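User: Please take a close look at the salt bridges in this model, and then at the packing that surrounds them. I would like one connected account that I can follow with the structure open.

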Amino acid sequence: MPRDSRVRRAVRRLTPAPVLRWMRAWAPDHLRYDGMASREYKLTYAWDRHVTHRRPVLHRLVVHITDHCNLNCAGCTHFSNISPAHFADLGEFGRDMDRLRDLFEGITEIYLLGGEPLLHPEVDRFVRVTRDRFPDARINLMTNGVLGDRMTDATWTALAETGSYVVCDLYPVELPVDAMNEAAARFGAKIDWTEPRGEFFRLPIDPTGSKDAADAFRRCRWVNNCPILRDGRLYPCAYIAYIDVLKRRYDLEGLEAADADSVSIYDTDDPYAIMDVLLEPVPWCRHCDFDGLEMRPWARSTRCADEWIATPPSA
């Protein structure tokens with residue numbers, strides 16, 4: 001029986017219908033974790049942690065196959081358009097996946113991206129390693145699609161044989177949509193296209209760190225908060241995981257990610273200690289200026305600091 005079934009049935013049986021309707025509206029913010037790290041009911045999560053000692057499920061995991069990208073998007077939240085070229089090491093990736101398999105009951109969905117993952121010459125092997133470690137996860141190879149008509153037979157075959165998806169962003173650029181759909185059909189692979197990406201959010205970074213971290217984290221739930229793995233550590237979002245790229249590019253001070261802003265997957269055997277970092281504000285959250293959050297039309301980057309920084313340092 002699913003882990004939440006007994007709880008749900010007892011609640012339905014004992015609770016009047018009007019109260020149930022109110023609870024359904026109230027629940028996402030109060031009765032369950034409703035973000036990218038967990039979708040568990042809080043009561044079930046606490047029961048598993050303290051009574052049954054069942055390992056938690058990580059809802060989403062993001063991993064860079066490459067850090068750099070072939071599409072120059074303004075304000076990229078992964079800083080991929082200003083990142084030096086970097087390709088993930090397959091051996092290190094496999095060890096990290098082994099470790100995560102040991103720590104968690106499972107991972108619901110895993111995104112292999114970047115940067116642009118199709119730039120990696122071994123992308124098919126990353127797909128296969130991921131499926132080997134997580135047979136029940138939804139695996140998404142997420143691409144901007146620009147190189148889609150150059151995907152190798154090995155990559156299409158790996159996607160088809162592992163039941164993984166290639167997920168393509170519909171950016172307002174010329175994309176080989178028909179060629180990719182035809183290739184997916186020919187190989188029996190699954191392909192998803194996003195809604196047109198005409199707009200993107202801009203979440204300004206406050207170099208002074210003057211914002212309320214708890215408030216920023218609460219408002220970040222459906223914006224930028226998404227567990228991401230880098231060098232054996234889990235971070236709550238790409239801003240924190242890759243802030244060193246932005247710092248180096250513009251010689252910025254005061255934006256360092258401290259040890260408390262992420263958690264090593266090798267320094268603890270307690271997966272709930274890892275979840276504690278992902279489900280609560282970390283000190284770096286004070287740099288996110290949600291009062292300045294806005295939607296902007298997609299554009300090519302000019303690589304100016306003000307694409308990310310709330311108040312760029314004077315030249």
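Analyst: In this predicted model, the side chains of arginine 138 and aspartate 192 meet in a salt bridge, with 2.7 Å from N to O. The two residues come from distant parts of the chain, since arginine 138 belongs to strand β3 (residues 138–143) and aspartate 192 to strand β5 (residues 190–196), 54 residues apart. Arginine 138 has a relative accessibility of 29% and counts as partly exposed, and aspartate 192 is likewise partly exposed, with a relative accessible area of 29%; the class follows because buried means under 20% and exposed over 50%.

A second pair to examine is aspartate 244 and arginine 230, which form a salt bridge whose closest N and O atoms are 2.6 Å apart.

Glutamate 105 forms a salt bridge with arginine 55, and the closest N and O atoms are 3.7 Å apart. Glutamate 105 lies in the loop between α4 (90–103) and β2 (106–113), while arginine 55 lies in the loop between α3 (42–52) and β1 (57–64), so the pair ties together parts that are 50 residues apart in sequence. Glutamate 105 is partly exposed at 35% relative accessibility, and arginine 55 is also partly exposed, with a relative accessible area of 30%.

These pairs are among the 22 salt bridges that a search of the whole structure finds. Besides them, Asp98, Arg101, Asp132 and Arg133 are linked in a network of salt bridges.

Turning to the nonpolar packing, the largest nonpolar core holds 84 residues, and within this core Leu61, Phe79, Leu100, Ile205 and Leu246 touch the most other members. Helix α11 (residues 271–279) gives the most to this core, contributing six residues. A second, separate core has six residues, including Cys73, Val173, Leu175 and Trp298. Leucine 61 can be followed in detail: leaving aside residues up to four places away in sequence, leucine 61 touches Met97, Leu100, Ile107, Glu109, Ile110, Tyr111, Pro227, Leu229 and Leu234.

Helix α11 also packs against α3, at an angle of about 150° and with the axes 12 Å apart. That angle makes α3 roughly antiparallel to α11, because angles over 145 degrees are counted in that way. The contact is made by Tyr45, Asp48 and Arg49 of α3 and by Tyr272, Ala273, Met275, Asp276 and Leu279 of α11.

Another helix pair has its own geometry: helix α6 (residues 153–162) and helix α7 (residues 177–187) pack at an angle of about 60°, with their axes 9 Å apart, and α6 and α7 are therefore oblique to each other. The crossing of α6 and α7 is right-handed, and the contact is made by Asp153, Trp156, Thr157 and Ala160 of α6 together with Met180, Ala183, Ala184 and Phe187 of α7.

Technical notes. Residues numbered from 1 in each chain as written. Predicted model: local features only at pLDDT ≥ 70, side-chain atom pairs only at ≥ 80, totals over all residues. Heavy atoms only, no water. Core = buried A, V, L, I, M, F, W, Y, C linked by side-chain atoms within 4.5 Å. Buried < 20%, exposed > 50% of the residue type's maximum accessible area, 1.4 Å probe, protein only. Helix = DSSP H or I, 4+ residues; strand = E, 2+ residues; numbered from the N terminus. Contact = heavy atoms within 4.5 Å. Salt bridge = Lys/Arg side-chain N within 4 Å of Asp/Glu carboxyl O. Axes fitted to C-alpha atoms, helices over the stretch in contact; angles between N-to-C directions. Parallel < 35°, antiparallel > 145°, perpendicular 65-115°, else oblique. Left-handed = near helix turned anticlockwise from the far one by under 90°.
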